[in-house]
Every structure is written in structure tokens, then in C-alpha cells.
Amino acid sequence: MGIKGIDVSHWQGSINWKKVAADGIKFAFIKATEGTTLKDEKFETNASGANAAGIKTGAYHFARFGSKSEALAEARFFLSVAKKVDLSYPLVLDLEVNQRNVSKSVLTDAAVAFLREIEKAGYFAMIYSGKSFLENCLDESKLKPFALWVARYNNKLGRDADIWQYSSSGKVSGISGNVDMNICYRNGLRAQAAVKTAAVKPVSNKKSVKSNTIYTIKKGDTLSEIAQKYKTTVKALQSLNNIKNPNKIYVGQKLKISGSVSKSSNKKQYYTIKSGDTLSGISKRFNRSIKTLQAWNGIKNANKIYAGQKIRVK
């Protein structure tokens, strides 16, 4: 079984998010923007309410573009609105219309440009589309690096996806009328972009080196990982840098660090999955058992891994 969620916009009116959470909803994607000028009037209210109720919160943008330049303009507008709220789930490109009647190649390239712009800002980018539109109007081979959310109102999806929107007429406590219903099959979805790094070179065992330094946050960094690297604590970093929300840090942000840099040869190593990879192939390459890789990365199904997914291998 997957994780139960919904997606909403101003069309759902005023939502009682406490009742929504009590009805078993674990995540919600909230409409933020459309085109380059339309901001959903309920976006900030819905995001705040969902967060307060303990529901994981993502945002989506309804696309109208037909070129890379238009896609980038829409992405920047989306980001300008989304950055005003706390999010814990991905930023989503909702692409279900070919507004400009352009070719499959042109529309897909524009979509990729939009998603890369979202990643460039430090967020985890995802694309949503209807099953028919995705398979007939877009070039899926170019979209493999991105998480996928697919709509098909049927008793089965009939294809691979990270999230399945299976109904547009769901009923949830706290919401008047119908609401879109979703099942998420992928653990670890988040607002922050995945780290895509080269293999970490092993270093020799040495005593920790005391350091009072400034660290510039890179795409995919988390405060807990930075704290572990410099042998300090998240609370210490928050206090030193006046960070109220440890989950809200930004690419390019400079952190004051007072701690020690670990020089252990047991440093964790990560690998970013590429198209065509299998867990068995990765296990052989890094001399780790499949069960160990599953345990380290919370992978329940060894046959279900994704291009762009970052996993620990050492």
C-alpha cells in the first residue's frame, strides 16, 4: 500500500486541515500558480493549514507555456510564490495541455527547462500529467531524471509512476465537495533537491581537525548532514546562524560553523542512479549486498528504483 494524499486549489474553498489529517491524509499538493500572472488565492492559507496539521506539503504550477523561454518565465514566477511558504514535498510542474500547439519535442524540452530551473533553485522537481497526455504528447525518455505523478481515473494505473492520481471525485473530512485523491509509492519525497555527486574519495584515518569556518550550502544539502560532517549538532548550527526552521536552508546560504571536520575513512558514499541501473548491478559494483543497500536506503522493493535517485552505497 502507498501513502494517501490529495491535491487542492481555491476550488475546494475553506479547508479544515485538522479534519483532513484525522481522515488519514498524509500529504497534500497545493496549487500555487498558473502561467506567469495567476496566483491561487488560497495557496498560502492552505499551505499554512496543512503544515499546522502535520500534513506533508508540496506545491504545483499549472503550465501554459509552449517554449523554453516561456517555461523559464513560468518557473521563475512559480518559485517567487512557492518560496514564501514552508514546504516538505516536491515542487510540481502540472503539464496537461499543449496551449501553443507545439511539437512533442518542443513541449518536452520546455518542460525539462522548467524542471531544471526548479532544481537550480534547490528544490526537488516533479512532473504531473494525465496518462494519455504523457504517453502521446511528451517524450518520456527526456523526463526520466524527474519524479513522476500520473493521473488515471481507473481501478489501476497500468504503468510505473511515483504518485498515482486515481480519482477526481474523492470525499475527505474537512473538505466540502469533491477532491483529487492520490497514492504515493515512493518513500523519501521531499521539497529539497536530491544531491547529485561524484563518488566520494576515501581518505586516511586522522584525528579530527578543529575548524572555525564558513560553509556555503550546496544543492541537496541538509542541516543534519552538515552537522554530521563537521561533528556538531543541528541545534548548534541553528543557534550560530539564527535559523528558526532547520528544514528551510537555501543554496548559496553561508553558515558559520564551529566544530571539527571528520577525516574518517568510513565516510558515507552515495551514488546517483542512472537510467538502466539495477540494484543487483549496483551491489556488485560497490561490493555491497542488495539487502544492505535496501536497509540503508529504505528500499522495500529491490526492483523499484529510479533514475536520479540518490542512494548510500558505502
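Helices H3 and H4 run roughly parallel to each other, a label for angles under 35 degrees, with over 145 called roughly antiparallel, 65 to 115 roughly perpendicular and the rest oblique. H3 covers residues 68-82 and H4 covers residues 104-120. Helices here are DSSP runs (H or I) of at least four residues, strands are runs (E) of at least two, and both are numbered from the N terminus.

Two packed helices are described by the angle between their axes and the distance between the axes. For H3 and H4, the angle is about 30 degrees and the axes are 8 Å apart. Axes are lines fitted to C-alpha atoms, for helices over the stretch in contact, and angles run from 0 to 180 degrees between N-to-C directions. The crossing of H3 and H4 is right-handed. That term applies if the near helix is turned clockwise from the far one by less than a right angle, and left-handed if anticlockwise.

The model is predicted: local features need pLDDT of at least 70, side-chain atom pairs count only at pLDDT 80 or more, and totals for chains, interfaces and linings use all residues. Residues are numbered from 1 along each chain as its sequence is written, and side-chain values use heavy atoms, leaving out hydrogens and water.

Now look at the H3 and H4 contacts, meaning heavy atoms within 4.5 Å. From H3, the residues include Lys-68, Leu-72, Phe-78 and Leu-79. From H4, they include Asp-109, Ala-113, Phe-114 and Ile-118.

Follow the chain past H4. Ala-121 sits in the loop between H4 and strand E6 (125-130). Ala-121 is partly exposed at 36% relative accessibility. Buried means under 20% relative accessible area, exposed means over 50%, and partly exposed is in between (1.4 Å probe, protein chains only). Arg-285 is 164 residues from Ala-121 along the chain, and their C-alpha atoms are separated by 32 Å.

Next come two backbone angles. Most residues other than glycine have a negative phi. Asn-101 has a positive phi of about 55 degrees. Asn-101 lies in the loop between strand E5 (91-94) and H4, and is exposed at 69% relative accessible area. Asn-242 also has a positive phi, near 55 degrees. Asn-242 lies in the loop between helix H7 (234-241) and strand E11 (254-261). At 66% relative accessibility, Asn-242 is exposed.

H7 itself holds Ala-236. Ala-236 is partly exposed at 32%. Its C-alpha atom is separated by 8.6 Å from that of Ser-258, 22 residues apart along the chain.

UniProt, in an unreviewed entry, places "domain: LysM" at residues 213-257 and 269-313. Its positions are given in the numbering used here, feature names are shortened, and annotations may be inferred rather than shown by experiment. Residues 213-257 are 33% helix and 18% strand, with end C-alpha atoms 5 Å apart. Residues 269-313 are 33% helix and 13% strand, with end C-alpha atoms 6 Å apart.

Ala-307 lies in the loop between helix H9 (290-297) and strand E13 (310-312). Leaving aside neighbours within four places in sequence, Ala-307 contacts Lys-144, Pro-145, Ile-273, Lys-274 and Ser-275.

Last, the cysteines. Cys-137 is partly exposed at 28% relative accessibility. Cys-184 is buried at 1%. A disulfide is a pair of cysteine sulfur atoms within 2.5 Å. The disulfide count is zero.
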